[in-house]
Amino acid sequence: MKKYEYMTVDLSAEPSFNVHIKLDRYIEKLNEYGKQGWRLISGMDDWKYSIFEREIDDEE
């Protein structure tokens, strides 16, 4: 049986008037979590409450 763990992360944009910089920062953060095995499963419009999941080893 597959098992998962979850975490919430505040991905709110860092202050910047340049939309491209904000998007680049979002992508950098998402890629950092992706490299750790996390997958974004839910994010609100402002990304304040983003939920990630990743599969964990079933040791049973």
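Modeller: Let us begin with Ser 16, which is found in the loop between S1 and H1. The model is predicted: local features need pLDDT of at least 70 and side-chain atom pairs count only at pLDDT 80 or more, while totals for chains, interfaces and linings use all residues. Residues are numbered from 1 along each chain as its sequence is written, and side-chain values use heavy atoms, with hydrogens and water left out.

Colleague: What makes Ser 16 count as buried?

Modeller: Ser 16 has a relative accessibility of 19%. Buried means under 20% relative accessible area, exposed means over 50%, and partly exposed lies in between (1.4 Å probe, protein chains only). Ser 16 therefore counts as buried.

Colleague: Which residues does Ser 16 touch?

Modeller: Not counting residues up to four places away in sequence, Ser 16 touches Ile 21, Lys 22 and Arg 25; contact means heavy atoms within 4.5 Å.

Colleague: What is the span of H1 set against?

Modeller: H1 reaches 24 Å from its first C-alpha to its last, close to the 24 Å expected at 1.5 Å a residue. The expected span is 1.5 Å times one less than the number of residues.

Colleague: What caps the N-terminal end of H1?

Modeller: Asn 18 does, with a side-chain oxygen 2.8 Å from the backbone nitrogen of His 20. After H1 comes Gly 37, whose phi is positive, near 95°.

Colleague: Why is the aromatic pair of Tyr 33 and Phe 52 called by the name it has?

Modeller: Rings of Phe, Tyr and Trp (its six-membered ring) pair if their centres lie within 6.5 Å; planes under 30 degrees apart count as stacked, over 60 as edge-to-face and the rest as tilted. The structure holds one aromatic pair. The ring centres of Tyr 33 and Phe 52 are 5.0 Å apart and the planes stand at 45°, so the pair is tilted. Because Tyr 33 lies in helix H1 (residues 19-35) and Phe 52 in strand S3 (residues 50-56), the pair ties together parts that are 19 residues apart in sequence.

Colleague: What makes a nonpolar core, and which residues form the largest one?

Modeller: A nonpolar core is a set of buried Ala, Val, Leu, Ile, Met, Phe, Trp, Tyr and Cys residues joined through side-chain atoms within 4.5 Å. The largest has five residues: Val 9, Leu 11, Tyr 33, Trp 38 and Phe 52.

Colleague: How do you know that S3 pairs with S1 and S2?

Modeller: Two strands pair if DSSP finds at least two bridges between them. S1 (residues 3-9) and S3 have seven bridges, in the antiparallel sense, and Lys 3 stands opposite Ile 56 in S3. Three bridges join S2 (residues 39-42) to S3, also antiparallel, and Leu 40 stands opposite Phe 52.

Note on methods
Helix = DSSP H or I, 4+ residues; strand = E, 2+ residues; numbered from the N terminus. Polar contact = N/O pair within 3.5 Å; in protein donor to acceptor, adjacent residues only side chain to side chain.
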